[in-house]
Amino acid sequence: MSRLDINTPSQAQSVVDQLYRGMERRIAASPPGLCPIDMALNFLNLCHAQTCGKCAPCRIGLGQLSNMLRGVLDGEADVRAIHRIEVTAQAIVDTADCAIGINAAQLVLMGLLGFRDDYEEHILRHRCLGSLKNPVPCVALCPAGVDIPGYIALINAGRYGDAVKLIRKDNPFPTACAYICEHPCEARCRRNMVDDPLNIRGLKRYAVDQAGEVPQPACAPSTGKTVAVVGGGPGGLSAAYYLTLMGHRVTVFEKQKHLGGMLRYGIPSYRFPREKLDEEIASILSLGVEVHTEVDVGTNPSLDELRRKFDCLYLSVGAHTDKKTGIPGEDSLGVVSAVELLRRIGDGELPDFTGMNVVVIGGGNVAMDVTRSALRLGAAKVSCVYRRRQADMTAQQEEIEGAIAEGAEVLTLEAPLRIEADETGRAVALWVRPQIIGEMDRLGRPRPNDADVDARRIPADVVIVAIGQGIETHGFEQSGVKIQRGGTVLAASSTQLPDVEGVFAGGDCVTGPATVIRAIAAGKVAAANIDEYLGFNHEIVTDVQIPTPDLSDLRPRGRINTGERDAGERVHDFQCIECGFTDQEAREESSRCLRCDHFGYGIFKGGRVEKW
């Protein structure tokens, strides 16, 4: 028997592990910018190789399905192939014996549903829409379409003021997004193909911190038109910003004491310092935007009154009402909504939780915000209760990890059952029912079901409900605004309301609670549509020149993440927890950009959108 080399198996496994990691990086960087049919074909072939081959649907059907997709990619198929692919995939789903084969075919069906026009484009014109529509992944995934490669290149060149100017062309809140944006732009960064995605938000934070005060551009000549914006949050102020730049006279009506919407009343200052928010809002108002706060539009004045007074209306009401759990005892003393608590904190009215047991119900970013705020308000113990797994929580992972590091307890697979109150009616405990994970729901998440164990009691002096927010639309229907099921405003894709002349809507009041950058994007779109409705076609442009690419260093390098203040220190105050980049870190991170705007399909499409 020959002697075995003890290093061979481990070396082989190491190579295999590296190959898998490389594949995972490429999968992570796939759409947009990659052909969805080619991606489906590769996943299908991978699944086909993993099936046991005992049943004909997997052994033969997946192979036939693969050949059909290959025919579409090679330009050898006709339009009837789409129907054959659909029928074959459905037959495999209905008859295959194993989950691998079934899910492989379901993936093809899902691709047909989402990219049928791409199949037709391949067959009829022999070209792929995936790369042509989304040439630069980070820009395609930014709801506001910010020129990300452009401002990263400016940061690398040390031109921080120009970077802020370039961002403002599409997003008037560069500072807010630098601190709190959930950075969807990073999700499909092509740098994933090499090592890790760029820290885009961290670089934006560095730019706004270094740039200082950057003057706003000059407004176009006055048009004589007037626009009322209902809601002074990021969406309403974004619309007001661009409409003012276009030369229209804009008046913002806000129900709360201060402008900012959920930037002020939904995001604690330890994430986004209030002085930064005030500076950014002041910069926007410096263009000449008129503001009226503590005005309840819909009651006094009514929408009809505003329609008579202004040439156009934009409704950008945020999600400022709370949702109830519906469990017994929810009306007890000591039960508060997350929206109410964050609103009080936003107005500087800090409650005192010293020595109390606080229980938070929910698993989103708002739940994490109130969990971490409760710790800063002196609570002895804070527990966040969620009925699914931690992996299923909708909060950003860094927010969950931050809460745990600061001393919060995250109790997963616990469904709220009832709130126990004492003889005075004050909450003393939350009862929960342990859960077990079952089948997938319609959104593809594992559905929790009651476990066969007894309910358990969690002591609580304060119970904070953070399970979602609603939209305040009272007084709107009387003016002809159609309210959909769920309380949102019915608006066309152009943001204009049907059957209500001159009224537009966007942001949370149309989509339901969403992110800051999506509200900003809605305000940008509404401004363009309102401008056209008023009979104009103004263009928002910038004269900033982008540096040419420098790709002298192509070696794989690790992503540089921003740091945070020590958990034991930051938990005692509401000061900003995140530390920005150093000069060296910003240079290193910005130099990792592959400049997809200049290479590949990016340059075919002109490199960037210079005006809108």
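Guide: We need one cut-off before we start: a residue is called buried when its relative accessible area is under 20%, exposed when that area is over 50%, and partly exposed in between. Please also keep in mind that this is a predicted model.

Visitor: Which residues of α2 are buried?

Guide: In α2 the buried residues are Pro36, Ile37, Ala40, Leu41 and Leu44. Viewed down the axis of α2, these buried residues fall within an arc of 135°, so they line one face of the helix. Ala49 and Gln50, on the other side of α2, are exposed.

Visitor: What should I look for in charged side chains?

Guide: Side chains of opposite charge can pair when their charged atoms come close. This structure holds 35 salt bridges, one of which links Glu86 and Arg116, with their closest N and O atoms 3.3 Å apart. Because Glu86 lies in helix α4 (residues 80-95) and Arg116 in helix α5 (residues 99-125), this pair ties together parts that are 30 residues apart in sequence. Glu86 is partly exposed at 32% relative accessibility, and Arg116 is partly exposed at 33%.

Visitor: Where do Glu121 and Arg125 lie?

Guide: Both of them lie in helix α5, 4 residues apart, which is about one turn of the helix, and they form a salt bridge whose closest N and O atoms are 3.2 Å apart. Glu121 counts as buried, since its relative accessibility is 9%, whereas Arg125, at 51%, counts as exposed. Elsewhere, salt bridges that share partners join several residues into one network, among them Arg271, Asp369, Glu406 and Arg570.

Visitor: Is Asp597 buried or exposed?

Guide: Asp597 has a relative accessible area of 2%, and is therefore buried, although its place is in the loop between α22 (583-590) and α23 (601-604). The side chain of Asp597 is joined to that of Arg595 by a polar contact of 3.0 Å.

Visitor: Which residues form a nonpolar patch on the surface?

Guide: Leu551, Leu554 and Phe599 form such a patch, and together they have about 270 Å² of accessible area. Leu554 sits in the loop between α20 (516-533) and α21 (567-570), and counts as exposed because its relative accessibility is 56%.

Conventions. Residues are numbered from 1 along each chain as its sequence is written. This is a predicted model: local features need pLDDT of at least 70, side-chain atom pairs count only at pLDDT 80 or more; totals for chains, interfaces and linings use all residues. Side-chain values use heavy atoms; hydrogens and water are left out. Patches are made of residues with over 30% relative accessible area and no salt bridge: like charges are joined within 9 Å, nonpolar side chains (Val, Leu, Ile, Met, Phe, Trp, Tyr) within 5 Å. Accessible areas come from the Shrake-Rupley method with a 1.4 Å probe; for residues, only the protein chains shown count as cover. A salt bridge is a side-chain nitrogen of Lys or Arg within 4 Å of a carboxyl oxygen of Asp or Glu. Helices (H or I, at least four residues) and strands (E, at least two) are DSSP runs, numbered from the N terminus. Buried means under 20% relative accessible area, exposed over 50%, partly exposed in between (1.4 Å probe, protein chains only). A polar contact is a pair of N or O atoms within 3.5 Å; within protein, one must be able to donate a hydrogen and the other to accept it, and residues adjacent in sequence count only if both atoms are side-chain atoms. The arc is that of the directions from the helix axis to the C-beta atoms.
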